Amino acid sequence: MRSLPSIIHLDMDAFFAAVEQAAKPSLRGKPVIVGGLGGRGVVSTASYEARRFGVHSAMPMAQARRLCPNAAFLAGRFEAYRQVSEIVMGLLRELSPLVQPLSLDEAFVDLEAGPYGPVLAEADHGTGERLVLALAEDLRADIQRRTGLTASVGAAGSKLMAKIASEQAKPDGLVLIEPGEERAVLGPMPVRALPGIGPATEQVLRRAGLNTVADLAEAGEAELVQLLGRSHGVGVHQMSTGFDDRPVVADQDAKSVSVEDTFEVDLADRERVLREVDVLAARCVRRLRAAGRSGRTVVLKVRRFDFSTLTRSETLRGPTDDEAVITETARRLASQVDITGGVRLLGVGVSQLADYTQEDLFAQAEREEAAAEEHPAPTGEEHGTAEEEAVVRHWMPGQDVHHDEFGPGWVQGSGVGRVTVRFETPWSGPGRVRTFAVDDPVLEPARPLPLRRDAGWGEPGDGEPGDGGSDEGGPGGGAAGPGESPGPEGSPGADPAGEG
């Protein structure tokens with residue numbers, strides 16, 4: 001444990017949604033929800049405007065639509081998020097070589113290992129704290145200047161307390177917790193505030209009358225070991241007293257991403273097991289995407305009523321982060337497991353990780369094969385011609401596009417053969433809305449534009465969005481705002497292609 005709060009934790013504010021608002025002037029100050037837009041989709045990130053309506057991450061998208069129907073519902077643009085993340089992580093590495101990214105928008109930094117380390121080592125306590133605060137404020141200002149986004153920063157003598165501090169700093173703030181104040185800060189917090197305590201562990205602790213972190217500290221290590229087991233119990237007790245000596249580890253490269261749940265009552269119904277697998281797969285995909293990765297092997301973990309544990313895995317033809325593909329694979333693995341007697345734990349993971357690629361060719365091939373099986377291609381005899389029918393393109397809400405005449409824009413919605421596009425750039429004002437046929441040859445997918453004109457990433461814009469003429473109407477068109485339906489089957493949240 002350190003006597004100086006020289007570990008900082010940075011967390012970008014509502015990152016995915018904030019990037020979308022920065023990239024799309026017409027959405028600034030309005031509720032924006034990013035996530036899977038299909039029937040089983042969940043919220044990845046909600047802007048603070050949407051959170052006022054009760055929307056939060058991991059919420060089913062259907063529930064989010066009921067709570068905030070006028071929000072803009074967008075599919076994720078992970079290339080854009082990764083590019084912004086690279087700018088932020090680059091600024092962190094200017095402070096120290098010891099930067100431990102936890103996801104695209106979150107990282108620990110050890111200031112003592114950087115260029116200011118010698119100064120911090122020689123400074124008295126007050127001077128050292130003032131220097132840490134100055135470095136953190138300069139970091140937040142640099143991120144704002146380079147990306148237009150806000151970040152929250154916590155500083156403390158350990159990773160645990162630095163993360164707690166950044167949570168207290170949200171949104172767009174800075175909090176420093178002085179070494180020695182750990183127990184005073186942690187004590188009133190609910191037990192879920194500690195990392196590693198999920199819903200199942202929380203229930204075990206609540207049944208024992210342990211509701212706050214102070215309760216855990218007072219219970220003592222022996223009682224927590226009896227309740228939670230040796231390893232978990234010791235760790236929870238140490239954290240409850242504010243003890244955390246974990247070092248910041250630079251560029252930690254995860255070999256897999258996984259989630260699991262322990263159930264209060266063993267599951268014996270296969271349909272219930274499959275539903276839980278769906279939920280776990282969705283959570284796993286969120287973590288995978290947050291880390292900017294994809295994976296090739298899907299792993300299912302099952303712990304049965306007798307505590308015997310088995311795993312099943314399936315290796316795909318290529319890496320993917322497609323929720324539909326990972327969910328279907330996990331369900332297929334679960335259907336092969338004997339659940340006689342009940343299941344007490346389920347887990348879904350993805351291994352053989354690779355860098356995320358926006359165009360997931362494997363997932364695309366899976367969808368095309370499924371579509372081909374459901375709707376076989378017509379033969380020449382049936383239609384009197386051997387010519388192949390044109391492939392209908394699917395446009396995702398929020399997707400970057402470029403039009404030969406009107407320049408760069410983004411898909412606001414699609415349906416009934418039409419696609420509605422708002423033509424604007426991150427550095428323009430709110431743009432005009434126009435509508436095209438979904439197969440219009442001069443409308444093409446595009447790479448993300450930089451959030452700042454001089455940022456130097458993405459494709460440069462081909463001029464400002466066109467603003468001449470009137471908005472086009474017709475089915476699926478019109479000047480639809482966030483949450484408005486551009487047509488009877490489309491809206492900014494419509495997802496004709498399935499999961500987003």
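Because the model is predicted, local features need pLDDT of at least 70 and side-chain atom pairs count only at pLDDT 80 or more, whereas totals for chains, interfaces and linings use all residues. Residues are numbered from 1 along each chain as its sequence is written, and side-chain values use heavy atoms, with hydrogens and water left out.

The largest nonpolar core holds 43 residues, of which Ile8, Leu10, Phe15, Tyr81 and Leu149 touch the most other members. A nonpolar core here is a set of buried Ala, Val, Leu, Ile, Met, Phe, Trp, Tyr and Cys residues joined through side-chain atoms within 4.5 Å, where buried means under 20% relative accessible area, exposed over 50% and partly exposed in between, with a 1.4 Å probe and protein chains only. Among the elements that give two or more residues to this core are strand S1 (7-12), helix H1 (15-23), helix H4 (78-95) and helix H6 (125-147); helices (H or I, at least four residues) and strands (E, at least two) are DSSP runs numbered from the N terminus. The largest share, nine residues, comes from H4. A second, separate core of 29 residues includes Val273, Ala281, Ala334 and Val343. In soluble globular proteins, nonpolar side chains tend to be buried together.

Three strands form an open sheet in the order S3-S2-S4, with mixed pairing, two strands being paired if DSSP finds at least two bridges between them. The edge strands, S3 (43-46) and S4, each pair on one side only, and the twist averages 25° from one strand to the next. S2 and S4 run parallel and are joined by three bridges, and valine 34 stands opposite leucine 74 in S4.

The structure holds eight aromatic pairs, defined by rings of Phe, Tyr and Trp (its six-membered ring) whose centres lie within 6.5 Å, with planes under 30 degrees apart counted as stacked, over 60 as edge-to-face and the rest as tilted. Phenylalanine 78 and tyrosine 81 make an edge-to-face pair, because their ring centres are 5.4 Å apart and their planes stand at 80°. These two residues are three residues apart in helix H4, and are therefore separated by about one helical turn. Phenylalanine 78 counts as buried at 7% relative accessibility, as does tyrosine 81 at 0%. Phenylalanine 423 and phenylalanine 436 are also edge-to-face, since their centres lie 5.9 Å apart and their planes are at 90°. Phenylalanine 423 lies in strand S15 (residues 418-423) and phenylalanine 436 in strand S16 (residues 432-437), so this pair ties together parts that are 13 residues apart in sequence. One aromatic cluster is formed by Phe15, Phe16, Phe78 and Tyr81.

Strand S14 (residues 407-415) is mostly covered, nine of its nine residues being buried. Four bridges join S14 to strand S13 (residues 400-403), and the two run antiparallel; histidine 403 stands opposite glycine 407 in S14, and a hairpin joins S13 to S14 through three residues. S14 also pairs with S15 in the antiparallel sense, over five bridges, with tryptophan 410 opposite arginine 422 in S15. The hairpin of S14 and S15 has two residues between the strands, and valine 416 there takes a positive phi near 45°.

Notes: Axes fitted to C-alpha atoms, helices over the stretch in contact; angles between N-to-C directions.
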